Amino acid sequence: MTEAVIRKKAGMASVKDMPVLQDGPPPGGFAPVRFARRIPSKGPSSMAIFLAAFGAFSWGCTRALKEEKYAARRAILPMLQAEEDERFVKEWKKYLEEEARIMKDVPGWKVGESVTLRKMDASGNWGAPS
């Protein structure tokens, strides 16, 4: 559209002669402007983040304590094994003494020798159990 049609004046003599046409709001007014800060509620809540961090921390501490316990056990294992070996030797001596006492009247009995183990003779054949 031309300026003459918009301002309803034929021809254009001077800008000063033209009627003033001012823009205004549409009928009913403009829509309200949203000026408040609106942060989208995406992602986990602060409580969820806190609980996840607390859970990860607790899990890490638990693993560290377990590793410390296992390291301490590995450190004292040789001493525990030595004590168990000593106990076993004492019990084995008691067992052999008891066997000797019980089987003292049996001719050819050898204390501590296996009764079920077959032994190989010089020719490489398995012999009968003794």
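This is a predicted model: local features need pLDDT of at least 70, side-chain atom pairs count only at pLDDT 80 or more; totals for chains, interfaces and linings use all residues.
Tryptophan 92 is partly exposed, with 41% relative accessible area.

**Aromatic pairs**

- Across the whole structure, a search finds three aromatic pairs.
- One of them joins phenylalanine 50 and phenylalanine 54, which are stacked, with 6.4 Å from centre to centre and 20° between the planes.
- Phenylalanine 50 and phenylalanine 54 are four residues apart in helix H2, about one turn of the helix.
- Phenylalanine 50 counts as exposed because its relative accessibility is 51%, and the cut-off for exposed is over 50%.
- Phenylalanine 88 and tryptophan 92 also form a stacked aromatic pair, with centres 6.2 Å apart and 15° between the planes.
- Helix H2 holds both phenylalanine 88 and tryptophan 92, four residues apart, or about one turn of the helix.
- Phenylalanine 88 has a relative accessibility of 49%, so it counts as partly exposed.
- Ring pairs link Phe88 and Trp92 with Tyr95 in a cluster.

**Salt bridges**

- The search of the whole structure gives five salt bridges.
- Among them is the bridge between glutamate 67 and arginine 74, where the closest N and O atoms are 3.1 Å apart.
- Glutamate 67 is partly exposed, at 43% relative accessibility.
- Glutamate 84 forms a salt bridge with arginine 87, and the closest N and O atoms of this bridge are 2.7 Å apart.
- Glutamate 84 and arginine 87 lie in helix H2, three residues apart, which is about one turn of the helix.
- Glutamate 84 counts as partly exposed at 35% relative accessibility, and arginine 87 counts as partly exposed at 42%.
- Another salt bridge brings together the side chains of glutamate 98 and arginine 101, at 2.5 Å from N to O.
- Glutamate 98 and arginine 101 are separated by about one helical turn because they are three residues apart in helix H2.
- Glutamate 98 has a relative accessibility of 37% and so counts as partly exposed.

**A patch of positive charge**

- On the surface, a patch of positive charge is formed by Arg63, Lys66, Lys69 and Arg73.
- Arginine 73 belongs to helix H2, which covers residues 46–102.
- The relative accessible area of arginine 73 is 49%, so this residue is partly exposed.

Terms used: Residues are numbered from 1 along each chain as its sequence is written. Side-chain values use heavy atoms; hydrogens and water are left out. Patches are made of residues with over 30% relative accessible area and no salt bridge: like charges are joined within 9 Å, nonpolar side chains (Val, Leu, Ile, Met, Phe, Trp, Tyr) within 5 Å. Accessible areas come from the Shrake-Rupley method with a 1.4 Å probe; for residues, only the protein chains shown count as cover. A salt bridge is a side-chain nitrogen of Lys or Arg within 4 Å of a carboxyl oxygen of Asp or Glu. Lys and Arg count as positive and Asp and Glu as negative; His and the chain ends are not counted. The place of a charge is taken as NZ of Lys, CZ of Arg, CG of Asp or CD of Glu. Helices (H or I, at least four residues) and strands (E, at least two) are DSSP runs, numbered from the N terminus. Buried means under 20% relative accessible area, exposed over 50%, partly exposed in between (1.4 Å probe, protein chains only). Rings of Phe, Tyr and Trp (its six-membered ring) pair if their centres lie within 6.5 Å; planes under 30 degrees apart count as stacked, over 60 as edge-to-face and the rest as tilted.
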